[in-house]
Amino acid sequence: MKLCSKCGIRPAEIYQAHSNKMLCKECFLEDVRNRAIEEIKRWNMIKSDDIVMMALSGGKDGYVLLDVLGNYFSKSNKLIGLNIIEGIHGYNKEEDAKYLVKTAKEYGVDVIVTSIKDYIGYSMDEIYEKTRNSKNSFTPCTYCGASRRRIMNYYAREMGATKLATAHNLDDEAQTAVINLMKGDINSLLKQHPNINITEDDMLVKRIKPLRKIYEWENASFTFIKNFHIQQTECPYIELAPTLRAKVRRELYKYERENPGVLIRFMETLDILLEYIHQDKVATKLNRCIKCGEPTTKGRNICKLCELLSSIGISNPSYLIKVPKKVM
Ligand SMILES: [Zn+2]
Ligand SMILES: [Zn+2]
């Protein structure tokens, strides 16, 4: 029996290719937590008086984020969870949300459970039906993404959070970076850097990604070891999404298999390069949407979400009238 290369006492059970180490379960969990905390400290993502809202989907990445921040936070900080139910038949299950709320409680964290339907007046299934009957070419994922980003920022602001933590992992970030590079979208690339603000607006809560250097497989193993019951179903709309990301993912996995650690090095290089590119640039002030009053890109009068919704005939979303607030 092989022993853990870190503690040398417990049996080695997990091979971590990027470090070429065989770890026991305990040392593996500790390694993931430590690397996430190192990343938080390196970029000063969380300050002592911050109130942090975590976006928790019920998937594996969110549970790792909950564990990492739940263990890391001192009593002086406040942590809040947010779960957004998309309203997709067969995908969002009530018991998943209940289990998430219960698990978060064990970490001393309250979770707000809300939905796209609460905020917009339509569930994702209802929005999908409308996109099918319209001429625009946006996928359900575009609607879902724009809605979730808005709802996250809205609740973070309403709850007085000073940071909004999302559970994006290293694989997500590397894929997004490659896509941004291929599209020549330097602004989106800069936005991926933890310390660069290319826009500023006091209505936008600063986003942080503590798991940006943790591999997706590590989050999966972490969840498995901790025995978290994660949402297993795949979103049924995923097959309607553009395939560029799927292709990039496949290629990156291939490189990672052949050169373990390549994704970490790729993101580390970008972190350094982007700081050079951004030097001395000042953040641009955002406009406000004339319909809903939320921040929108400079040069726009109507925000992306209002525009997307009105293009499928939703000209009076609920958020223009009243927005519910719920704490569980
Ligand atoms: Zn060990
Ligand atoms: Zn708007």
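Mentor: Before we start, a definition: two residues are in contact if their C-beta atoms, placed from the backbone, lie within 7 Å. This is a predicted model, in which local features need pLDDT of at least 70, side-chain atom pairs count only at pLDDT 80 or more, and totals for chains, interfaces and linings use all residues. Residues are numbered from 1 along each chain as its sequence is written, while chains are lettered from A and ligands numbered from 1 in the order in which they are written.

Trainee: Fine. What does Lys298 touch, then?

Mentor: Leaving out residues up to four places away in sequence, Lys298 touches Thr284, Lys285, Leu286 and Asn287.

Trainee: Where is Lys298 placed?

Mentor: Lys298 is in the loop between strand S11 (295–296) and helix H12 (304–310). Helices (H or I, at least four residues) and strands (E, at least two) are DSSP runs, numbered from the N terminus.

Trainee: Is Lys298 buried or exposed?

Mentor: Lys298 is exposed, because 10 other C-beta atoms lie within 10 Å. The rule is that a residue is buried if 20 or more other C-beta atoms lie within 10 Å of its own, exposed if 12 or fewer, and partly exposed in between, with C-beta atoms placed from the backbone.

Trainee: And how many Å apart are Lys298 and Gly70?

Mentor: From C-alpha to C-alpha they are 37 Å apart in space, with a separation of 228 residues in sequence.

Trainee: Where do Cys289 and Cys292 lie?

Mentor: Cys289 lies in the loop between strand S10 (287–288) and S11. Cys292 lies in the loop between S10 and S11 as well.

Trainee: What does each one touch?

Mentor: Not counting residues up to four places away in sequence, Cys289 touches Glu294, Thr296, Ile302, Cys303 and Cys306. With that exclusion kept, Cys292 touches Cys303, Cys306, Tyr319 and Leu320.

Trainee: Which residues does the "binding site" annotation cover along with Cys4?

Mentor: In the unreviewed UniProt entry the annotation covers Cys4, Cys7, Cys24 and Cys27. These four cluster in space, with a largest C-alpha distance of 8.1 Å, although they are spread over 24 residues of sequence.

Trainee: Is Cys4 buried or exposed?

Mentor: Cys4 counts as buried, with 20 C-beta neighbours inside 10 Å. Cys4 lies in the segment before strand S1 (14–16). Neighbours within four places in sequence aside, Cys4 is in contact with Arg10, Pro11, Ala12, Met22, Leu23, Cys24 and Cys27.

Trainee: And where is Cys24?

Mentor: Cys24 is in the loop between strand S2 (21–23) and helix H1 (25–42). Cys24 counts as buried, with 21 C-beta neighbours inside 10 Å.

Trainee: Last topic, helices. Which residues of H7 meet H10?

Mentor: Ala174, Gln175, Val178 and Ile179 in H7 meet Leu244, Arg245, Val248, Arg249 and Leu252 in H10. By class the contact has six nonpolar, one polar and two charged residues, where Ala, Val, Leu, Ile, Met, Phe, Trp, Tyr, Cys and Pro count as nonpolar, Asp, Glu, Lys and Arg as charged, and the others, Gly among them, as polar.

Terms used: UniProt positions renumbered as here; feature names shortened; annotations may be inferred.
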